[in-house]
Amino acid sequence: MGPATVGELAEPFKMALPSLMQHLGVLEDSSLVRSEKVGRVRTYKLTQETMRVGEDWFVRQRTLWERRLNQLDSYLLEMKEKENGKD
């Protein structure tokens, strides 16, 4: 998906346009999106930096959770073996 107008972005949401514009303003202030106004039409698009930062965050989270789940798996297998050893 490429750049989108405010109207296109508002379409799937049931919210007033001023409220949506406020949300878009916050995203733009955070440098997550960039806007361009031509005449009366304002178009928004994600910044390349946004995509890179988001991708890096997901990679870190995936690595973290894979390690945690592997530790949990090892722990549960160990507990199962101890439980089977008692019988």
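Modeller: Let us begin with the pocket lining: strand 3 gives the most to the lining of the largest pocket, with 3 residues, where helices (H or I, at least four residues) and strands (E, at least two) are DSSP runs numbered from the N terminus. This is a predicted model, in which local features need pLDDT of at least 70 and side-chain atom pairs count only at pLDDT 80 or more, while totals for chains, interfaces and linings use all residues. Residues are numbered from 1 along each chain as its sequence is written, and side-chain values use heavy atoms, with hydrogens and water left out.

Colleague: How much space lies in the largest pocket, and which residues are the closest to its centre?

Modeller: Rolling a probe the size of a water molecule over the atoms shows where empty space is left. On a 1 Å grid over the protein atoms alone, a pocket is an open set of points where a 1.4 Å probe fits, with protein on both sides within 12 Å along at least five of seven lines, and lining residues have an atom within 4 Å of a point. Here the largest pocket holds about 220 Å³ of space, the volume being that filled by probe spheres set on the points, which are joined across faces, edges and corners. Of its 11 lining residues, Gly 2, Leu 9, Tyr 44, Lys 45 and Leu 46 are the closest to the centre. Helix 2 (17-29) and strand 3 (41-46) are the elements that give two or more residues to this lining.

Colleague: How many salt bridges does a search of the whole structure find?

Modeller: Side chains of opposite charge can pair when their charged atoms come close. With a salt bridge taken as a side-chain nitrogen of Lys or Arg within 4 Å of a carboxyl oxygen of Asp or Glu, the search finds 3. In one of them, Arg 52 pairs with Glu 49, the closest N and O atoms being 2.5 Å apart; these two residues are 3 residues apart in helix 3 (residues 48-86), and therefore separated by about one helical turn. In another, Arg 62 pairs with Glu 66 at 2.8 Å between the closest N and O atoms.

Colleague: Is Arg 62 buried or exposed?

Modeller: Arg 62 is exposed, with a relative accessible area of 57%, given that buried means under 20%, exposed over 50% and partly exposed in between (1.4 Å probe, protein chains only). Glu 66, at 39%, is partly exposed.
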